[in-house]
Amino acid sequence: MLRQSTPNTPSGIEFGPWHDYSQCLPRVPPGSGMQLAQATLRRRLKHNLGLVLFQTGLYRRFFRDQAVVVLFHRVDDRYPTDPLTCTARKFAAFCDFFARYFTVVPLSELVRRVAEGRSVGGLLSVTFDDGYRDNSDTAAGILKQQGLPACFFVATDLIGSSQVAWWDAAQRIESRWMSWDDLRGLVAAGFEVGSHTVHHEDLGRMRGAMAYREMAESKRRLEAELSRPITLFSYPYGGAAHLHDSNRELARQVGYHCCLSAHGGLVPRGTDPFHMQRTPISHWQLSPYQFGFEAALESLRDGHHVAPRVSKDEDVGRSPALAQPDAQASA
Ligand SMILES: [Zn+2]
């Protein structure tokens, strides 16, 4: 069984010079444009402010009644600049940070607390979308080392397939998906699995029977393959426009207990579980402390919807309608 981490518990893993990130923060490249230079400096500043906020304990005031759900996609050292990819080292550093400063709980427990209107202060849940093979090959081992729970949302048609996702093709990356045995291994290790539709469909454009089928058939297949009830759902692309309200209602009828987006924002007490926000982790966040500082700022915005930022969002970067190059330099 995976234990829950407790806040401020040393993880036992030493990151040495990496942990303070002094060596990984980028220098402003000589001759770079003004926009890139400013964005780099801004991220370094956020990292430094995050260090102060977390190492002094001040951060607790920002998360007294709000939880955080973080979203990863791929953990793979081969694509360090891909917006959906984290290197293993960076992922381990994030896990260390989560265990140190938050109480990391299984997503199902957070959903239960949210539904019951209970306190969610200081809680954090880790999630993954899509079903990349490195989730079981790489990420699961790092999570286990830290004793952290996580939920893996998968599009069932991608599992065990050799399909190349269009957003990977655009980056010249070969998509590698988990097999059903990989997923069964994750479940056996105590991790949770949720649905992300069958075909990774944009549920903002789909209605009625087709949308119902995407949600119901993925649930049925996961339950048949994994021999357990599947109640957690995250919708593909994750933007505010990628889930029509009628489909949110369908998700409830299909038997899910929650609906997770991917365009930023925290989870304050009293949130509707069918409107749960997640914070994507991407190459935008240079360090966990930058992430922590940005999450603390987010907590001051009422904890509700915050406009997405192109550089970190799954939805904006991948939406067929809104596809545009990742804006590395945007702040
Ligand atoms: Zn997805």
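**Figure legends for close-up views**

**Figure 1. D157 is partly exposed, because 19 other C-beta atoms lie within 10 Å of its own.** A residue counts as buried if 20 or more other C-beta atoms lie within 10 Å of its own, as exposed if 12 or fewer do, and as partly exposed in between; the C-beta atoms are placed from the backbone. The model is predicted: local features need a pLDDT of at least 70, side-chain atom pairs count only at pLDDT 80 or more, and totals for chains, interfaces and linings use all residues. Residues are numbered from 1 along each chain as its sequence is written. D157 sits in the loop that lies between β6 and α5 (166-170). Helices (H or I, at least four residues) and strands (E, at least two) are DSSP runs, numbered from the N terminus. Leaving aside neighbours within four places in sequence, D157 is in contact with V198 and H199. Contact means that the C-beta atoms of two residues, placed from the backbone, lie within 7 Å. The C-alpha atoms of D157 and R221 are 9.6 Å apart, although 64 residues separate the two in sequence.

**Figure 2. The protein chain comes to 10 helices and 9 strands.** Of its 331 residues, 48% are buried. Among the contacts in the chain with a separation of 6 or more, 73% join residues 24 or more positions apart. The mean pLDDT, where pLDDT is the predictor's confidence in each residue from 0 to 100, is 85 for the chain, and 81% of the residues reach 70 or more. Residues 1-27 have pLDDT below 50, and this stretch has 49 contacts in the model beyond near neighbours in sequence. Residues 319-331 also have pLDDT below 50, with 22 such contacts. Where pLDDT is low, the predicted coordinates should not be read in detail.

**Figure 3. Strand β1 (residues 66-72) is largely enclosed by the rest of the structure, because 7 of its 7 residues are buried.** On one side of β1 are Q66, V68, V70 and F72, and on the other are A67, V69 and L71; both faces are covered. Two strands pair if DSSP finds at least two bridges between them. β1 pairs with β5 in the parallel sense over 5 bridges, and F72 stands opposite F128 in β5. β1 and strand β8 (residues 267-268) run antiparallel, joined by 2 bridges; in β8, V267 is the bridge partner of A67. β1 and strand β9 (residues 279-280) run parallel, again with 2 bridges. T279 in β9 is the bridge partner of V70.

**Figure 4. The largest nonpolar core has 79 residues.** A nonpolar core is a set of buried Ala, Val, Leu, Ile, Met, Phe, Trp, Tyr and Cys residues joined through C-beta atoms within 7 Å. The residues with the most contacts inside this core are A67, F91, C95, F98, F152, F233 and C259. α2 gives the most to the core, with 9 residues. A67, leaving aside its neighbours within four places in sequence, is in contact with L110, V120, L123, L124, L266 and V267.

**Figure 5. Helix α2 is largely enclosed by the rest of the structure, because 11 of its 14 residues are buried.** The buried residues are K90, F91, A92, A93, F94, C95, D96, F97, F98, A99 and Y101. The end C-alpha atoms of α2 are 20 Å apart, which agrees with the 20 Å that its 14 residues should span at 1.5 Å a residue. The expected span is 1.5 Å times one less than the number of residues.

**Figure 6. Helix α4 (residues 134-146) bends by about 35° at A140.** The bend at a residue is the angle between axes fitted to the seven residues ending there and the seven starting there. α4 has 13 residues and reaches 17 Å from its first C-alpha to its last, close to the expected 18 Å. Its buried residues include D134, N135, A140 and L143. The buried residues of α4 pack against β2 (74-75), α2 (88-101), β5 (123-130), β6 (151-154) and α6 (180-188). G147, whose phi is positive, near 70°, follows α4.

**Figure 7. S108 has its place in helix α3 (residues 107-115).** S108 counts as partly exposed, because it has 17 C-beta neighbours inside 10 Å. Not counting residues up to four places away in sequence, S108 touches E192 and L232. S108 and E192 are 84 residues apart in sequence and 8.1 Å apart in space, C-alpha to C-alpha.
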